[in-house]
Amino acid sequence: MEKYWLWLCTRKELYRPQIACLLQYFQSPENLFYAPDRQVLEMQGIPQRQKEMLLADRKEWDYEKTMHELEKKGIRFISFFQPEYPARLRELSDYPFGIFVKGALPKPGGPAAAVIGARRCSAYGREKAGRIGRILAERGVQVVSGMALGVDGAAQNAAVCAGGKSFSVLGCGVDICYPREHIGLYDRLCQSGGILSEYPPGMPPVSWHFPVRNRLISALADCVIVIEAKERSGSLITADLAAEQGKDVLAVPGRMEDPLSRGCNRLIAQGAGILWEEEEIFRCLGLEGTTEGKSENKKLVLEKKENMVYSGVDFHDKSLDTICRQVSLPRAEVLETLVSLQLRGLIKETAKNYYVKVQNVP
């Protein structure tokens, strides 16, 4: 039966509502696969063009070839009926009939938090996302997000750099890195977590895919943390979905006049929890005071280039140009290394291109 679920879930012309309609009529993907052409064409609820494409697809479909292509890309398909299908997704009324995975799946029953926020976040938002991603990883909490630019990527990158597990739900096929700027993070997630999607491989990113996939991000997490969001944003859609799913939502408060804080402040006004200190996350997850999965304090170990740049930063503000002159490295390399150090929670950007060391780093 899994063979026919794979066939049905790899039809790019069909989305979940159409698949649900077909299953209601034919009862199973196998029945649909072998149904007479006339019966398929006569059924109601599916546009004629989609039905014609479906009939053409099933005549040309090659199971062995499809499996070979998936294996070559390191992709697994898991239908709703397989034991390893994530239990948290089963609880959704509109659960995916199948998911595609690169890397691993979230650990069943393991604590998980979604960290989401603005793509065009501030330096404060990026630093806060990186710090939260890191401390979640240190306490053994899986980080779930969408691999977007800004808050999402900063939290996930920090989590895997800290040795934790992070999982990204995409609005395209798992064989497509979107946004392309996150190819490094994409590769790290495949090694230290996983990439998931309900969309078949090769499906391009389409704007309306992302609000739909947000229900999976919230479903895979025990709580949702929002760091900077405008009044109308995908982050608020995810927060609303989380609330509907009975999940806790925590929002980082911000200044009234800051557009990036209006979404978070509105969530708080509507009853979301206030993330006024980091320990609040662990109280929400029921991990308050626990040390399970927490990293031991270790002497700070940096690669040679990281150590050079880190040594060029001080406990008072220092500009990027000053650091470049001090360490004698190309500006692009210094900037890349500074971002890496920020995600590890070792430094922070206090203003545009001004950096300072973080106090109390082991």
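**Exercise 1. Is D258 buried or exposed, and what is its relative accessible area?**

Solution. Keep in mind that this is a predicted model.
- Step 1: Look up D258, which has a relative accessible area of 14%.
- Step 2: Compare with the cut-off: buried means under 20%, so D258 is buried.
- Step 3: Now turn to the salt-bridge partner of D258, which is R255; their closest N and O atoms are 3.8 Å apart.
- Step 4: R255 has a relative accessibility of 56% and counts as exposed.

**Exercise 2. Find the salt-bridge partner of D37 and describe where the two residues sit.**

Solution. Let's start with the idea behind such pairs.
- Step 1: Side chains of opposite charge can pair when their charged atoms come close.
- Step 2: Here the side chain of D37 meets that of K59 in a salt bridge, with 3.5 Å from N to O.
- Step 3: D37 belongs to helix α4 (residues 37-42) and K59 to helix α5 (residues 48-60), so the pair ties together parts that are 22 residues apart in sequence.
- Step 4: D37 is partly exposed, at 30% relative accessible area, while K59 is exposed, at 61%.
- Step 5: Widen the view: a network of salt bridges links D37, R58 and K59. For the whole model, the count comes to 20 salt bridges.

**Exercise 3. Work out which parts of the chain the salt bridge between R215 and E198 links.**

Solution. Take the distance, then the location.
- Step 1: The closest N and O atoms of R215 and E198 are 2.7 Å apart.
- Step 2: R215 is in helix α11 (residues 209-219), whereas E198 is in the loop between β6 (193-197) and α11; the two residues are 17 apart, and the pair links distant parts of the chain.
- Step 3: Both R215 and E198 are buried.

**Exercise 4. Explain why helix α1 can be called largely enclosed.**

- Step 4: For a sense of distance, follow L8 to D321: their C-alpha atoms are separated by 55 Å, and the residues lie 313 apart along the chain. D321 is in helix α16 (residues 320-327) and is partly exposed, at 40%.

**Exercise 5. Describe the second largest pocket: its volume, its lining and the classes of its residues.**

- Step 1: By class, the lining has 7 nonpolar, 7 polar and 9 charged residues.

**Exercise 6. Decide where to read the model with care.**

Solution. Check the confidence values.
- Step 1: The mean pLDDT is 91, and 95% of the residues reach 70 or more.
- Step 2: Over residues 291-299, however, the pLDDT is below 50; this stretch has 12 contacts in the model beyond near neighbours in sequence.
- Step 3: Where pLDDT is low, the predicted coordinates should not be read in detail.

Technical notes. Residues numbered from 1 in each chain as written. Predicted model: local features only at pLDDT ≥ 70, side-chain atom pairs only at ≥ 80, totals over all residues. Heavy atoms only, no water. Salt bridge = Lys/Arg side-chain N within 4 Å of Asp/Glu carboxyl O. Helix = DSSP H or I, 4+ residues; strand = E, 2+ residues; numbered from the N terminus. Buried < 20%, exposed > 50% of the residue type's maximum accessible area, 1.4 Å probe, protein only. 1 Å grid on protein atoms, 1.4 Å probe; cavity = no way out; pocket = protein on both sides within 12 Å on 5 of 7 lines; lining within 4 Å. Points joined across faces, edges and corners; volume = space filled by probe spheres on them. Nonpolar A, V, L, I, M, F, W, Y, C, P; charged D, E, K, R; others polar. pLDDT = per-residue confidence, 0-100. Contact = heavy atoms within 4.5 Å.
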